[in-house]
Structure formats: C-alpha cells, structure tokens
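This briefing covers charge pairs, aromatic contacts and backbone details. Keep the structure open while reading.

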Amino acid sequence: MHAKSPVVFLKRAFQNSPWIVMAIALHAIVISIAAISYMHRSPEPEDTAQSQIRISERRAELPEEIAPPEELPSRTAIPKMDLVELVPIDEEVYTFVDDPVIPPDLTQAIGDPLNSADSIGGDLSSTAIGAGDGGGSRGTRPTSRFNRRPGIGTGPGGRTPIAQPLGIEKAVLEGLRWLARHQNADGSWGVASLRDVCPTDARCSAEADKLSDHYDVGLTGLALLAFLGTGLSHESNALIVDPVRGVAHRAGDIVKNGLLWLAKRQNADGSFSKDRAFLYNEALATLAMAEAYGLTQNRYWKEPAQRSIDFLQRAQKPNPSGRGLWGWRYTSRVEIEDFRRAGSQDDAYLKELYDADTSVTGWVVMALKSAQISGLSVSDEAMEGAMDFCKWVTPEGPDAQRGLVGYLDAKGAGSPLTGPNDAGFVYHPTSMSALGMCIRIFTQHDPRDPFLEQAAQRIVKDLPRLHTDKSQPSPVDYYYWYYASLALYQFDGPDSPRSSGKYWSPWNKAMVESVLALQDKNDRACSRGGWMNGDRWSYTGGPLYSTALNVLTLEVYYRYENAFGSGKDLAGPGSKGAADAKPQTPEAAKSSAGKGGR
C-alpha cells in the first residue's frame with residue numbers, strides 16, 4: 001500500500017468536509033498563539049520557605065474614632081452664615097490643596113486681590129472651609145453658624161450684601177500672615193518668644209518690652225480667634241502664602257497646632273493658666289475652644305471646650321444680695337473659697353468674693369454665648385448673673401450719666417482707669433459703655449433696651465481718630481475700638497432690625513480709616529501686616545495683642561449674626577423686664593454684701 005501524501009489528504013478532506021478543516025485550523029492557530037505567549041512569560045520563583053500559621057489572640061476592640069457628625073444639629077444661634085455676598089479676597093493666600101497653583105518663588109504676588117472671581121468659596125473652591133453655597137468640604141459638610149464670611153457658606157434665600165469698605169479683606173489677610181509668621185513651633189503665640197521667631201536684624205518687639213509668658217494662653221486664644229473669625233478651622237486646606245518669607249502655611253495646621261497647644265496644657269479643673277487661673281487667659285482660651293468646636297462640630301474639641309466652660313461657671317462670683325450670681329474678675333471664686341478655708345480674714349474674703357469688673361465679665365459672656373451657640377451646656381443662671389452685674393455698674397441717675405458704665409461699680413462710671421500707660425494715652429470712658437452694650441445684647445437680645453441707644457449716642461461722640469502731635473496723649477485704643485465696633489454693628493448695623501446706620505455709619509468710617517492707617521505696610525519687613533503701634537492696653541501683649549485684636553475688629557462685618565434675629569418682634573426674647581426692671585442699686589448691693597461688700 002502506498003503512503004498517502006499529507007497534501008493530498010488535506011486536499012481531499014477539505015473537498016469532502018470543508019467546515020471541519022477550517023475549524024481545526026482555527027483552533028491550531030489559537031493554541032499556537034497561546035503557547036508562544038506562555039513561553040515568553042518569566043517564570044515566578046518557587047517559594048521554598050516554610051510557612052507557619054499562627055492563631056493570634058482576639059484583638060481588643062478599638063475605641064470609637066472621633067469624627068465630625070454627619071449633620072449639624074439645628075439650634076438658635078447668634079452667628080449665622082446665611083444671606084451673604086461674595087466679597088473680593090486675595091487669591092495669593094488661598095489656593096487649593098488638591099491642585100495648588102503656587103509659583104516657585106513664593107515672595108512674588110499671586111492674583112488680583114480685587115478680583116471677585118478669585119474669592120474663596122466660588123464654584124471652584126474645594127477647601128474645608130466652604131464650597132460655594134453648599135459650604136463645607138466639597139459641599140458635603142454642613143456649614144457652621146459661627147461665621148458669615150462671604151463664600152464660607154450660605155443658607156437658603158440667596159445672598160444679601162454686607163457693606164465692607166475696600167481694603168478690609170486685604171488688611172485681614174495681611175494680619176493673618178503676620179500671625180502665621182510669628183506662631184511658635186509648638187503652636188502657641190507669646191510675647192517672650194516673639195523675638196525668637198523674628199529675624200535678628202528686624203525684630204517686631206523692642207528690647208524694653210516686658211517679656212513674660214504669663215499671658216501666652218490668652219494671646220494664643222486671641223490669635224486663634226482671628227483665624228476662626230474668618231472661617232478657618234483645623235480642617236481648612238487653604239494655604240496662607242507669606243511673601244515676606246516665601247513660604248506657604250496650611251491654615252488648618254496653624255489652627256490645629258494652636259488648639260492642641262491649649263488642649264495639652266489644660267488643667268484638671270478646666271483652666272489653662274500655668275500656675276494659677278487668670279480669668280483673662282481663661283476667657284480667651286475658652287472662647288477659642290468653643291468657637292473651634294462650634295465651627296466644625298468635631299467632637300475632639302467638645303470635651304476641652306465644655307470643661308473650660310464649666311470652669312468659668314464655677315469661677316463666677318456670687319451676687320452680694322445672697323441671691324443668684326454676679327460677674328467675674330481676675331481670680332476664680334473656687335480659689336477664693338479655698339483660701340477662705342485656709343484661714344483668711346472675713347473682710348478680705350468678702351471683698352475678694354464679690355469682686356468683679358466689666359471688662360473680664362464681657363469676655364466671659366462672649367465665651368458663654370459661643371458655647372451656647374455650639375450646643376455646649378451653659379446655665380441660664382450664669383448669663384442672668386452677668387446681666388445683674390451689668391445693671392449694677394450702670395448708673396440710673398440724671399442724664400449726665402446715662403449711657404455710661406462703671407468698671408467696678410456705678411459710682412465709677414465715666415472716671416478714668418489707672419494703668420502703666422496713663423501718661424501716654426487718652427482714656428475713653430465709653431469703652432465701658434461699649435462693653436455694657438455687648439453684655440446686654442448677648443444676654444438679653446432686646447433692641448428696645450433704652451440703655452443701648454443712650455450708650456450709642458455717647459460712643460458716636462468719641463470716634464476713632466489719630467493725630468501726629470507727639471506732645472499730646474495718643475487717642476489710640478484698640479480695645480475700645482473692638483468692643484464699640486461689635487456693639488454698634490449689632491445695634492445699628494445693616495443686619496440690625498434698626499439698620500438706620502445713624503451710629504454705625506460714622507463709627508465705621510472713622511474706625512476703618514484709623515485701623516488701616518496703623519497697619520504696617522513695609523513690603524519685605526517681618527512687621528508687614530502687623531500693628532506695631534501700641535495702645536493703652538498693649539504693654540503686656542505687644543504687637544501680638546494689637547494685631548489679633550485689630551483683625552477681629554475688621555472681621556466684625558461677618559463674624560456674628562445679628563443678636564436680635566429677624567426683627568419681626570423688636571421686643572425680642574428676654575425683653576420683658578429688660579427696659580422696665582429696676583437693677584439693684586449699688587447701695588442695696590453693698591448693704592446686702594455685709595461688712596466686706598463693695
């Protein structure tokens with residue numbers, strides 16, 4: 001038998017069964033391709049190591065992670081961020097962390113500060129402090145009610161114009177740059193350490209300045225409030241570009257590090273001061289902690305904020321009448337009572353026990369109000385006690401004293417306070433009037449209180465001003481300017497039910513001219529953006545105090561919502577008795593205080 005040729009065999013097979021041959025050929029091609037691909041693969045090394053299987057112990061349950069809640073609980077608030085207008089801001093400070101557009105040379109200016117398209121909070125914003133009308137990080141977080149800054153977030157109803165003179169946002173920006181430039185590595189700000197963060201040939205503090213760290217807690221709280229007041233929280237991804245040093249600071253890190261510094265040094269009783277509680281320190285640190293919690297609702301800050309609020313409430317003095325509470329001063333009531341138990345004399349004990357002043361009481365009231373807004377626990381009795389003290393230091397006599405407030409009692413209303421800078425600065429009696437207005441506004445919310453108009457009439461006759469005559473005492477008083485700006489904006493500003501501008505408009509014009517004129521504008525100097533000229537009260541806080549406080553003054557346009565609400569009911573909550581109730585007279589309080597009463 002002859003062997004058949006493969007070619008002949010395939011030819012006959014294709015003639016008889018063409019589809020079978022084509023199928024076999026196609027499979028052969030696929031198999032060949034797969035074989036070539038497999039041969040070109042690098043063989044994986046054989047794992048010759050012996051494996052041991054170990055059964056681990058049951059892992060302990062991890063503690064609950066502290067994270068911000070998904071929803072912000074609704075509550076009645078003073079600061080509220082709805083119905084605001086997008087206002088120009090300097091883009092060179094605000095860029096976006098996802099895709100930062102920063103030139104290699106950070107000493108060069110970026111963007112046009114007057115271009116509203118560059119404002120943070122626009123449609124392209126993706127920072128943690130607000131994204132257009134949605135607010136929050138990419139619009140996913142509910143907005144806080146602590147800040148009404150344009151672009152931080154708005155509520156329903158669109159935007160309502162907030163009148164701001166040109167240059168305000170730029171000045172705030174430069175002030176925040178100065179504060180960022182002078183923050184210590186540990187997150188704090190301090191007078192004694194200020195010289196260490198300045199160049200040796202251009203320090204922002206003089207050799208003769210008092211260098212003490214006693215007030216660092218209060219100064220750190222004040223500096224933090226300047227950032228929080230413009231909507232910058234520990235979550236903020238915005239970058240603050242400092243062209244003086246050519247560096248960019250993440251705003252969230254500045255705030256976070258400052259808050260952590262406060263939280264780490266908080267004492268077991270809720271106070272923050274190093275040796276013994278000093279109520280200016282405690283009020284400012286508590287105010288910053290409460291606003292940090294209120295701005296983000298992050299539970300990490302809730303516990304230290306509540307503990308500090310509890311401390312302030314325990315520190316409140318008792319009413320000399322024996323009923324209710326009173327104001328605050330430098331020393332805590334708890335410390336005084338402990339001293340009494342250690343064997344102090346009755347006269348000294350009673351004098352200290354009832355000792356309160358309008359200034360410290362004003363700061364504590366702001367801290368308690370911020371805590372209420374945040375949803376923290378604040379007793380009504382504490383706020384009522386502050387109002388009782390405020391009425392007691394307010395004279396009821398003839399027209400000559402109406403609208404004035406005393407520092408320690410009603411008899412001292414209008415009298416100058418003594419201090420280290422008496423000879424160099426004018427004392428403004430209306431500073432206590434402004435404090436009295438703020439205490440009443442934030443405890444009673446009553447626009448019909450006749451004292452408010454009486455005080456406003458006095459304040460507008462003592463407008464901010466500057467002069468160049470070095471032989472005369474300086475009229476600069478940042479403390480007075482801050483509280484008067486806050487009081488008049490609440491009482492008569494564009495968001496007030498009154499909104500006549502009768503008092504706010506002339507004050508606002510004079511305040512802006514004076515505050516902006518005093519800000520340092522040396523282009524490449526370490527002092528750029530700060531307030532180097534001191535006032536009557538800056539002898540212990542220096543430019544840290546001046547700069548932080550002036551930034552807060554310039555943030556008055558958006559930091560707080562009007563305390564009187566919508567204005568539909570001008571009487572407002574708490575109005576019953578606000579205008580008619582007779583405050584306890586100084587004589588009655590003194591008599592009820594006993595031998596040691598004031």
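Helices here are DSSP runs of H or I with at least four residues, numbered from the N terminus. By that count, H445 is found in the loop between α12 (430–444) and α13 (450–459). The model is predicted. A search of the whole structure gives 20 salt bridges and 21 aromatic pairs.

**Backbone: positive phi**

- Most residues other than glycine have a negative phi.
- H445 has a phi near 55 degrees, a positive value in a residue that is not glycine.
- H445 counts as buried because its relative accessibility is 15%, and the cut-off for buried is under 20%.
- S499 is not a glycine either, yet its phi is positive, at about 45 degrees.
- S499 sits in the loop between α14 and α15.
- The relative accessible area of S499 is 39%, so S499 is partly exposed.

**Salt bridges**

- Side chains of opposite charge can pair when their charged atoms come close.
- E174 pairs with K170 in a salt bridge, with the closest N and O atoms 3.6 Å apart.
- Both E174 and K170 belong to helix α3 (residues 168–181). They are 4 residues apart, about one turn of the helix.
- E174 is buried, at 8% relative accessible area. K170 is partly exposed, at 30% relative accessibility.
- K274 and D213 form a salt bridge through their side chains, at 3.2 Å from N to O.
- This pair links distant parts of the chain, 61 residues apart. K274 is in the loop between α5 (251–264) and α6 (279–296), and D213 is in the loop between α3 and α4 (216–228).
- K274 is exposed, with 54% relative accessible area. D213 is partly exposed, with 41%.
- D357 and R329 also form a salt bridge, and their closest N and O atoms are 3.1 Å apart.
- D357 lies in the loop between α9 (346–353) and α10 (358–374), and R329 in the loop between α7 (302–315) and α8 (333–341). The pair therefore ties together parts that are 28 residues apart in sequence.
- D357 and R329 are both buried.
- One network joins K170, E174, R177, D523, R524 and R528 through salt bridges that share partners.

**Negative surface patch**

- D380, E381, E384 and D388 form a negative surface patch.
- One of these residues, E384, lies in helix α11 (residues 380–392).
- Patch members have over 30% relative accessible area and no salt bridge.

**Aromatic contacts**

- Which arrangement do the rings of Y478 and W481 adopt? The pair is edge-to-face, because the planes are at 80 degrees and the cut-off for that class is over 60. The ring centres are 5.8 Å apart.
- Y478 and W481 share helix α14 (residues 478–492). They are 3 residues apart, about one turn of the helix.
- Y478 is buried, and W481 is buried too.
- W504 and Y557 have ring centres 6.0 Å apart and planes at 75 degrees, so this pair is edge-to-face as well.
- W504 lies in helix α15 (residues 504–518), while Y557 lies in the loop between α16 (542–554) and α17 (586–592). The contact thus ties together parts that are 53 residues apart in sequence.
- W504 is buried at 5% relative accessibility. Y557 is buried at 0%.
- Y215, F278, Y280 and Y330 make up one aromatic cluster.

**A buried leucine**

- L224 is found in helix α4.
- Is L224 buried or exposed? L224 is buried, because its relative accessible area is 0%.
- L224 and L259 are 35 residues apart along the chain. Their C-alpha atoms are separated by 7.8 Å.

Notes
Residues are numbered from 1 along each chain as its sequence is written. This is a predicted model: local features need pLDDT of at least 70, side-chain atom pairs count only at pLDDT 80 or more; totals for chains, interfaces and linings use all residues. Side-chain values use heavy atoms; hydrogens and water are left out. Patches are made of residues with over 30% relative accessible area and no salt bridge: like charges are joined within 9 Å, nonpolar side chains (Val, Leu, Ile, Met, Phe, Trp, Tyr) within 5 Å. Accessible areas come from the Shrake-Rupley method with a 1.4 Å probe; for residues, only the protein chains shown count as cover. A salt bridge is a side-chain nitrogen of Lys or Arg within 4 Å of a carboxyl oxygen of Asp or Glu. Lys and Arg count as positive and Asp and Glu as negative; His and the chain ends are not counted. The place of a charge is taken as NZ of Lys, CZ of Arg, CG of Asp or CD of Glu. Helices (H or I, at least four residues) and strands (E, at least two) are DSSP runs, numbered from the N terminus. Buried means under 20% relative accessible area, exposed over 50%, partly exposed in between (1.4 Å probe, protein chains only). Rings of Phe, Tyr and Trp (its six-membered ring) pair if their centres lie within 6.5 Å; planes under 30 degrees apart count as stacked, over 60 as edge-to-face and the rest as tilted.
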